[in-house]
Structures are given as structure tokens and as C-alpha cells.
Amino acid sequence: MLTSIAYGLAIVLNLFVLFIGARFLLAPHAAAAGYGVPAKKDGDVAYLTIKGLRDGGYGLLGLALLAFAGARAEAWYMLIVALLPLGDTLIVLRNGGTRAVAFGIHFATAVVVLISAALLFAV
């Protein structure tokens with residue numbers, strides 16, 4: 001049962017990050033607004049594209065690790081990747097985003113990713 005939960009949560013998280021990456025590539029301004037720091041109408045597209053590629057790559061890498069390297073490699077990956085939403089929390093707070101978005105989305109995501117890592121280490 002624990003194995004199913006650990007793998008299931010890891011797959012969902014990686015697919016979600018892949019979706020976020022695709023959203024930044026396909027609808028960058030809407031994605032930036034959802035992130036908590038809206039982009040300027042006439043700029044920032046290159047940086048939003050970089051974020052989309054980064055997130056998409058992280059999602060694919062997580063899925064590949066889970067499929068080909070196993071739970072322990074994925075657990076270490078999740079532990080390290082949890083630093084990204086923690087950084088996102090600070091970015092939102094430093095750039096005029098709301099505390100609700102910073103903590104309700106980004107910090108909460110970091111916590112869920114850390115839970116995923118713990119479950120994968122337990123498998």
C-alpha cells in the first residue's frame with residue numbers, strides 16, 4: 001500500500017510540474033499570474049519560456065528517474081527539488097505577490113514534495 005501511495009504521489013507531482021511547464025510555454029502571462037507575480041504585457045516572455053522549459057524538464061526527469069532508476073533515486077531527486085518551491089515562495093514575497101500565494105501554493109508544494117521524498121525513502 002505504501003509503495004502505491006509513494007509512487008502515485010511522485011507520478012502526480014511530476015505530471016503536475018510538466019503541466020506547469022507546458023502552461024508557461026503555451027500561455028505564459030496567465031501562468032505568471034497564477035505563479036503569483038504577473039508578467040509585464042510587453043515583456044518577460046523569454047524568462048517565462050525559460051521557466052516553462054525548466055519546469056517541463058524537471059517533470060520529465062522525475063518521471064524518468066522513477067521509471068528507470070527507482071524509488072531511492074526519485075526520493076533524493078524530490079528532496080533536492082523541494083528547494084525550488086521554497087525559492088519560489090521567496091520570489092513571490094520579494095516581488096509583491098501575496099502571502100496567500102507564497103505560502104498557500106509554493107510553500108505548501110514544497111511540503112508535499114518533501115512528503116513524497118519521505119514516502120519514497122520508506123519504500
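**View 1. F107 and its contacts with P85, L86, T89 and A102, neighbours within four places in sequence left aside.** Contact here means heavy atoms within 4.5 Å. The model is predicted, so local features need pLDDT of at least 70 and side-chain atom pairs count only at pLDDT 80 or more, while totals for chains, interfaces and linings use all residues. Residues are numbered from 1 along each chain as its sequence is written, and side-chain values use heavy atoms, with hydrogens and water left out. F107 belongs to helix α6; helices (H or I, at least four residues) and strands (E, at least two) are DSSP runs numbered from the N terminus. With a relative accessible area of 37%, F107 is partly exposed. The classes are buried, under 20% relative accessible area, exposed, over 50%, and partly exposed, in between, using a 1.4 Å probe and protein chains only. Between the C-alpha atoms of F107 and L60 there are 22 Å in space, and the two residues are 47 apart in sequence.

**View 2. T89 in helix α5.** T89 is buried because its relative accessibility is 4%. Apart from residues up to four places away in sequence, T89 touches A102, F103, H106 and F107. A polar atom of the T89 side chain is 3.1 Å from the backbone nitrogen of F107. A polar contact is a pair of N or O atoms within 3.5 Å; within protein, one must be able to donate a hydrogen and the other to accept it, and residues adjacent in sequence count only if both atoms are side-chain atoms.

**View 3. A nonpolar surface patch made by L90, L93, F103, F107, V111 and I115.** The patch covers about 490 Å². Patches are made of residues with over 30% relative accessible area and no salt bridge; like charges are joined within 9 Å, and nonpolar side chains (Val, Leu, Ile, Met, Phe, Trp, Tyr) within 5 Å. Accessible areas come from the Shrake-Rupley method with a 1.4 Å probe, and for residues only the protein chains shown count as cover. At least two residues of the patch come from each of α5 (83-94) and α6 (99-122). Helix α6 gives the largest share, four residues. L90 lies in helix α5.

**View 4. A salt-bridge network of K51, R54 and D55.** A salt bridge is a side-chain nitrogen of Lys or Arg within 4 Å of a carboxyl oxygen of Asp or Glu. By this rule there are two salt bridges. Side chains of opposite charge can pair when their charged atoms come close. D55 and K51 are bridged at 2.6 Å, N to O. Both residues sit in helix α3, four residues apart, or about one turn of the helix. In the bridge between D55 and R54, the closest N and O atoms are 3.2 Å apart. D55 is buried at 6% relative accessibility, K51 is buried at 15%, and R54 is partly exposed at 30%.

**View 5. Helix α1, residues 2-26.** The helix has 25 residues and reaches 36 Å from its first C-alpha to its last, close to the 36 Å expected at 1.5 Å a residue. The expected span is 1.5 Å times one less than the number of residues in the helix. Buried residues of α1 are A6, A10, L13, N14, G21 and F24. They pack against α2 (28-35), α3 (45-68), α4 (71-81) and α6. G8 is also in α1, and is partly exposed at a relative accessible area of 30%. G8 and S116, which are 108 residues apart in sequence, have C-alpha atoms 9.3 Å apart in space.

**View 6. G62 in helix α3.** The relative accessibility of G62 is 0%, so this residue counts as buried. Leaving out residues up to four places away in sequence, G62 touches N14, E74 and Y77. From G62 to Y77 the C-alpha distance is 7.2 Å, with the residues 15 apart in sequence.

**View 7. P28 in helix α2.** P28 is buried, at 16% relative accessibility. R23 and L48 are the residues that P28 touches when those up to four places away in sequence are not counted. The C-alpha atoms of P28 and P85 are separated by 18 Å, and the two prolines are 57 residues apart along the chain.
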